[in-house]
Structures are given as structure tokens and as C-alpha cells.
Amino acid sequence: MNNLELNKIYCESNLETMARMPEGFIDLTVTSPPYDNLRTYKDNIDKTWDEHIWKAIIKELYRVTKKGGVVVWVVNDATINGSETGTSFRQALCAMECGFNLHDTMIYNRISPFPDLIRFHQSFEYMFILSKGKPNTFNPLYEPKSKNSEYNPKSMKFRHKDGSTKELDEAGIERLKKSNERKDKLMSNIWSIPTGYMVGTTDNVWVHPATFPDKLAGQHIYSWSKEGDLVYDPFIGSGTTAKMAHIYKRNWIGSEISQEYVDLANKRLYPYLTQQTLF
């Protein structure tokens with residue numbers, strides 16, 4: 001069944017690519033599907049993108065994902081006739097119906113978003129972390145502490161479900177002390193990353209209408225996989241997932257129906273794939 005070459009972009013439907021994958025083939029998927037036709041793509045994928053398409057893709061992603069594997073699904077909603085569509089939530093619920101756990105609902109806070117004149121600035125997208133059971137890998141990311149990040153164990157209390165409180169036990173006090181000793185802290189599930197035209201990547205990939213930042217893909221690849229794992233992007237577009245998978249020493253496969261975008265991605269990837277050392 002598997003006649004796929006690794007570290008290659010396939011110019012075809014992702015359903016065609018996944019049909020050649022055996023069950024439990026992929027360690028991690030990092031992708032961003034079309035957003036309710038908010039962008040216009042080559043080969044008119046935005047004209048055919050609908051519920052019957054994304055349901056079939058999510059179902060196949062569950063089949064080809066390893067037990068303990070993760071799918072990072074970065075998505076947002078269009079606003080039509082004054083109302084957000086809610087497609088993002090329907091896709092997350094569909095994934096759960098297929099068998100995925102909704103391991104985390106993360107937020108991608110786009111720094112420098114374009115303003116909206118009739119509502120508060122739309123500055124975030126959802127990053128649904130879908131796991132096939134308990135994730136096999138989690139490499140936590142840390143960030144510098146603020147001045148107010150330390151807590152006094154004597155003033156901290158544990159709250160029960162009924163609202164009552166109790167003092168921290170010795171284990172809790174010890175854990176808090178160790179946390180205070182660190183100069184950094186675990187990152188939250190809200191990631192603020194620069195984005196927009198000519199921002200977020202050093203490559204000239206702006207022919208593609210919907211690139212996402214290198215940092216976003218890289219942080220997810222680092223967090224949810226390990227060296228040598230296989231990373232898939234069913235909407236690989238300009239090749240960001242492949243680039244960052246290569247840099248982090250993961251294998252990868254991509255699907256993209258537009259030959260123009262495949263050529264763009266391959267041109268972008270060539271300097272990285274021909275280097276002898278990764279960085």
C-alpha cells in the first residue's frame with residue numbers, strides 16, 4: 001500500500017496521497033486548511049472547499065495517524081452576513097467524532113493584524129491539537145518569567161470543586177518552590193507570533209496567499225514530535241511545514257494540488273535539502 005517517497009511534495013489531492021498510506025503511518029500533521037474561502041487559491045480549491053471535503057480529510061487523517069500521534073489543525077472562520085460561520089468548531093467536533101481527542105485548543109495571536117472597522121480587531125486563529133489517544137511526545141516550550149511570576153507557598157491554597165479551600169500539602173509546596181527557582185516558565189497555549197506580508201519568514205514565498213510563520217510550524221513540530229518522526233502537511237502550500245521539519249531533523253511528506261505552489265515550495269526548500277548539515 002505504501003509506495004510513498006519521504007521528504008517529497010506530491011502534486012495531487014491529499015486524499016490521493018493518504019490513500020497510499022497504511023494505517024498508523026504519520027507521527028504528526030501540521031496544517032492549515034482553507035478558511036471558509038477567505039483566500040483565493042490556484043486551481044480553485046477555494047471554490048470546492050466544503051463540509052463534504054473536510055470531513056473526508058479529517059476521517060483519513062485519523063486513519064493514517066499513529067496511536068499517540070497528533071494533528072495540529074490551524075483554522076479560522078469567515079464572517080458572512082454579520083455572523084462568524086463556526087466552521088472551526090464543526091471541524092473540531094468532527095475530529096472528535098472520528099476518534100481524536102481534543103487535546104488542547106490553542107490560540108495563534110497574530111501580531112499586527114489588519115483592523116476591522118465594524119468590530120474589535122480579529123487578531124487570532126484556532127490551533128486545535130487533536131491526538132489519537134495520549135500524545136506520544138510532548139517537548140514543552142519555556143519563556144522568560146515576568147517579575148511577578150513567583151508565588152509564596154504560604155499564601156497559596158488549593159480550591160476544591162465545591163469551592164472550599166485547603167492549604168497546599170508538602171508535595172504542592174515543594175513543586176511551587178522548584179517552580180520559583182526556575183528563571184523561565186512553561187509557555188501558555190496562546191502563542192503571539194508576528195505575521196502578515198513579508199513578516200514571519202526569511203523566504204520570498206508571498207506568491208502564495210496564505211503562508212503561516214516559520215515559528216508557528218517550528219514550535220509545533222518541536223513540541224509534538226521527535227527527531228526522525230514523520231510529519232505530514234495535507235495542504236503544504238509554500239512548504240513551511242517541510243522546511244521546519246527538515247530544520248528540526250524530522251522526515252516529512254506534503255500534498256498540494258497546485259503545480260505552481262509545488263514549484264514555489266520546491267524552490268524554497270532546495271537550499272535546505274542540499275545542505276549537508278542541519279541548523
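The following legends describe close-up views of a predicted model. Residues are numbered from 1 along each chain as its sequence is written, and local features need pLDDT of at least 70, while side-chain atom pairs count only at pLDDT 80 or more and totals for chains, interfaces and linings use all residues. Side-chain values use heavy atoms, with hydrogens and water left out.

**View 1. The open sheet of eight strands.** The strand order is E1-E14-E13-E2-E3-E7-E6-E12, with mixed pairing. Strands (E, at least two residues) and helices (H or I, at least four) are DSSP runs numbered from the N terminus; two strands pair if DSSP finds at least two bridges between them. Strand E1 (8-10) and E12 stand at the edges with a single partner strand each, so one side of each lacks a neighbour in the sheet. Neighbouring strands are turned by 20° against each other on average, direction ignored. Strands E2 (residues 26-31) and E3 (residues 65-75) are parallel and joined by five bridges, with Val30 opposite Val72 in E3.

View 2. Ile107 stands opposite Ile190 in E12. In a regular strand the side chains alternate between the two faces of the sheet. In E12 (residues 190-194), Trp191 and Ile193 form the covered face, whereas Ile190, Ser192 and Pro194 form the uncovered one.

**View 3. Helices on the sheet.** Helix H4 (residues 87-98) lies across E3, E6 and E7, at about 5° to E7. Helix H8 (residues 259-273) touches E1 and strand E14 (251-255), and its direction makes about 175° with that of E1. Contact means heavy atoms within 4.5 Å; axes are lines fitted to C-alpha atoms, for helices over the stretch in contact, and angles run from 0 to 180 degrees between N-to-C directions.

**View 4. The aromatic pair of Phe138 and Trp224.** The structure holds six aromatic pairs (ring centres of Phe, Tyr or the six-membered ring of Trp within 6.5 Å; planes under 30 degrees apart are stacked, over 60 edge-to-face, the rest tilted). Phe138 and Trp224 form a tilted pair, 5.2 Å centre to centre with 35° between the planes. Phe138 lies in the loop between strands E7 (124-131) and E8 (142-144) and Trp224 in helix H6 (residues 214-224), so the pair ties together parts 86 residues apart in sequence. Phe138 is partly exposed at 48% relative accessibility, whereas Trp224 is buried at 7% (buried, under 20% relative accessible area; exposed, over 50%; partly exposed, in between; 1.4 Å probe, protein chains only).
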